[in-house]
Structures are given as structure tokens and as C-alpha cells.
Amino acid sequence: ELEAITSKATKQSSEQVESFSTVYRELLAVTQDKANGVLPQGIPSGIRLIDNKGGLELGELMVVAGRNSNGKTSLALGLALNAAKQGVPVGIFSLEMTNLQLTSRLVSMLSGVDGTSLKQGQLTPVEWDGITQVDDSLPLYFDKRRSTDADALVANIKGLVARKGVKVVVIDYLQLLRGKERERVQQIGGIAHRLEALSKQLGICIILLSQLRRNMPNDPAPKLEELKESGDIADAADSIYLIYRPERHGEDITYPDMSQNWSQFSTKGTALLMCCKNRQGALNGEQLLGFDAATTCFSNINNIDYLSLGASALPSTEDVFND
């Protein structure tokens with residue numbers, strides 16, 4: 001009986017091993033399918049910097065980090081909307097906002113109606129027509145339980161993937177989750193690694209929002225090392241993007257000079273998106289984005305229009321991430 005059990009275990013173990021040759025042939029087939037358009041190269045996000053690096057890749061954990069009120073949630077919701085518009089089911093797990101608040105933000109982004117007017121119910125007839133014409137068939141799904149327990153979150157994600165075929169998941173945000181480890185640093189690291197493994201197990205893209213450590217008032221520009229418990233989060237993430245809006249920190253604050261002399265560009269109605277990690281390709285890169293505070297929409301813009309001489313107009317918010 002022991003020999004039979006051992007033989008069965010050995011056979012099952014051998015079935016879990018793949019040779020390089022097998023995976024290599026699979027890689028060639030997948031690459032050929034992508035080249036022929038049979039498989040997407042990644043779900044288009046609508047943001048050039050992200051799409052140039054492959055878009056929203058299934059099986060990957062993307063971390064979006066920034067300081068308070070710099071647009072982490074707005075950016076993530078914009079990515080979610082862009083995926084949903086292409087028919088990709090998206091699950092949104094927010095521990096900071098109610099589902100009604102999230103829907104209000106999404107409707108503002110979709111309709112172009114000022115979010116404050118929508119919140120107060122003070123709408124013109126044209127604005128009312130705008131919000132009533134929003135496509136409510138978009139495959140966007142919210143979690144009703146809003147649990148901060150990491151085990152419950154993982155179970156809820158698995159359930160949403162099984163029931164609705166969700167391919168993109170937004171989690172807002174990491175530091176509000178709780179794990180079983182005693183030390184907080186270990187909790188955060190364990191949750192980040194668990195979500196990374198979950199993205200690969202389920203073949204989904206997880207967009208995980210994260211706070212940054214409190215900054216020095218004279219240098220608000222975000223840095224990778226300022227991710228809270230950054231070591232474990234940075235190790236777990238397949239890609240990391242930092243979002244920065246200097247106008248939130250004072251009129252005299254400029255963009256940092258990195259791959260370009262970003263300090264020459266206007267900070268009014270703009271934001272800088274920085275790629276700090278990309279496991280599958282180039283590590284660095286930045287893009288100047290337009291930001292409409294009324295609808296909290298980010299958009300691709302022409303950098304020349306936003307030199308420090310000033311921009312005459314903000315980008316259109318007729319469509320989320322409209323060029």
C-alpha cells in the first residue's frame with residue numbers, strides 16, 4: 001500500500017514539471033499569435049507610456065503609487081474604464097469609497113459632467129442629458145462586502161473571476177488591507193506577494209494602488225524608495241508607476257528633471273506618470289499627462305502645448321484618455 005501511494009505521488013509530481021523545449025514552443029506559438037493579431041499584446045490602457053510597455057498584461061501585478069490627492073484612484077478608474085469599453089470585464093475593490101461614490105466618479109468621467117455638480121445634484125438640462133446617456137452596460141463590477149481581510153479579498157476576486165469572467169481587477173488600496181502576520185511590514189509584503197501569485201494563477205491583471213511615505217514638504221516628488229514597506233511591494237510588482245501632480249503641493253513646485261527636462265513644462269492641469277519598474281522590458285520612462293480636475297480625467301497630451309509658457313486649454317474630456 002505504501003509503495004502504491006509513493007508511486008502515485010511520484011507520478012503526480014512528474015506531471016507538474018515542464019521542459020524548456022515545451023515552454024519554448026509555447027512561447028513561439030503565443031508570440032506568433034500576437035504578431036498575427038490572434039492574441040492581444042496586452043489590454044490597451046489608453047495611456048501611451050503603459051501601452052508602449054505592453055498595456056495591461058494578464059498574469060501581472062501592476063502597482064500605481066502616489067501621494068494623497070495626486071490621482072491614484074482617478075488613474076486606476078480611467079484604466080478600468082478603457083478596458084471595459086473594449087468589452088473586458090473589470091472588478092473594482094475599493095476600501096476607501098462606497099460603490100455609489102465610485103459610480104459617481106465613473107459617470108463624471110464618462111459624461112464629462114463636473115463631479116461636484118453631480119454630487120450636489122445641481123445639473124443643467126444638458127448635463128442631465130449627459131449623465132442619462134451613459135452606457136450602463138459596461139462590464140464593470142463592484143464588491144459589496146468591502147472587507148479589509150486579505151483572505152476575504154482573495155476569495156472575492158476568485159468568485160468574481162469565476163462568475164463574471166473578470167480579467168482586470170483594481171484594488172484601492174494596499175495599506176488598508178490586513179493579513180495574519182503580526183508585524184505590519186510582513187503583512188503588507190505578504191499581501192503583495194499573494195496578489196502577485198493570484199494574478200498569475202487566475203491569468204488576470206491586478207492594478208494595486210499604494211500610498212507613499214510622508215514626504216518632505218520641500219521635495220514632494222515621489223520616489224520608488226518611498227513606497228510604504230517598499231522592499232516587499234517593489235519585489236512583488238511586475239510593474240510600478242508613480243503619479244505626480246505638483247500643483248497639489250504649491251505654485252512654486254516644478255517637475256523633476258529625469259529623462260527629459262520636465263521642469264520646463266507647466267504643472268497647471270498636468271501630471272507626470274513615471275515607470276519605475278517593468279519586469280518584462282525597459283525600466284524607466286515618463287509621460288506628461290493632462291488632468292481635468294472637474295471630471296478627474298487623465299489624458300494623453302502634446303507636450304509642446306504645455307511648455308512653461310503656458311497652455312491655452314486643457315485636453316478634451318469628451319472621452320476618457322482621448323488623444
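At what angle do helix 8 and helix 9 pack, and how far apart are their axes? Select residues 150–164 for helix 8 and residues 184–202 for helix 9. The angle is about 15°, and the axes lie 11 Å apart. That makes helix 8 roughly parallel to helix 9, because angles under 35 degrees count as roughly parallel. The crossing of the two helices is right-handed. Keep in mind throughout that this is a predicted model.

**Stop 1: between helix 8 and helix 9**

Show side chains on both helices. From helix 8, pick A150, D151, L153, V154, I157, K158 and V161. From helix 9, pick I191, R194, L195, L198, Q201 and L202. These residues make the contact. Colour them by class: nine are nonpolar, one is polar and three are charged.

**Stop 2: helix 4 against helix 5**

Now select residues 72–85, which form helix 4, and residues 99–111, which form helix 5. Their axes come within 11 Å and cross at roughly 65°. Helix 4 is therefore roughly perpendicular to helix 5. This crossing, too, is right-handed. On the helix 4 side, the contact uses T73, S74, L77, G78, L81 and K85. Helix 5 brings L102, R105, L106, M109 and L110.

**Stop 3: the E226–R67 pair**

Next come the salt bridges; the structure holds 10 of them. Side chains of opposite charge can pair when their charged atoms come close. Select E226 and R67. The closest N and O atoms of this salt bridge are 2.6 Å apart. Trace the chain between the partners: they sit 159 residues apart, and the pair links distant parts of the chain. E226 is in the loop between strand 5 (205–211) and helix 10 (230–236). R67 is in the loop between strand 1 (60–66) and helix 4.

Are these two partners buried or exposed? E226 is buried, at 15% relative accessible area. R67 is buried as well, at 5%. Both count as buried because their values fall under the 20% cut-off.

**Stop 4: R145 and D143**

Move to R145. Its salt bridge partner is D143, with the closest N and O atoms 3.7 Å apart. R145 is exposed, with a relative accessible area of 55%. D143, at 11%, counts as buried.

**Stop 5**

Select R279 and D238. Their side chains meet in a salt bridge, 2.7 Å from N to O. This pair also links distant parts of the chain, 41 residues apart. R279 lies in the loop between strand 7 (270–278) and strand 8 (286–292). D238 lies in the loop between helix 10 and strand 6. R279 is partly exposed, at 39%. D238 is buried, at 3%.

Together with D238 and R279, they are linked in a network of salt bridges.

**Stop 6: I240**

Step on to strand 6, residues 239–244, where I240 is placed. Which residues does I240 touch, leaving out those up to four places away in sequence? The list is V63, L224, L227, A234, M274, C275, C276 and K277. Draw a distance from I240 to L224: their C-alpha atoms are separated by 8.5 Å, and the two are 16 residues apart along the chain. I240 is buried, with a relative accessible area of 0%.

Technical notes:
Residues numbered from 1 in each chain as written. Predicted model: local features only at pLDDT ≥ 70, side-chain atom pairs only at ≥ 80, totals over all residues. Heavy atoms only, no water. Axes fitted to C-alpha atoms, helices over the stretch in contact; angles between N-to-C directions. Helix = DSSP H or I, 4+ residues; strand = E, 2+ residues; numbered from the N terminus. Parallel < 35°, antiparallel > 145°, perpendicular 65-115°, else oblique. Left-handed = near helix turned anticlockwise from the far one by under 90°. Contact = heavy atoms within 4.5 Å. Buried < 20%, exposed > 50% of the residue type's maximum accessible area, 1.4 Å probe, protein only. Salt bridge = Lys/Arg side-chain N within 4 Å of Asp/Glu carboxyl O. Nonpolar A, V, L, I, M, F, W, Y, C, P; charged D, E, K, R; others polar.
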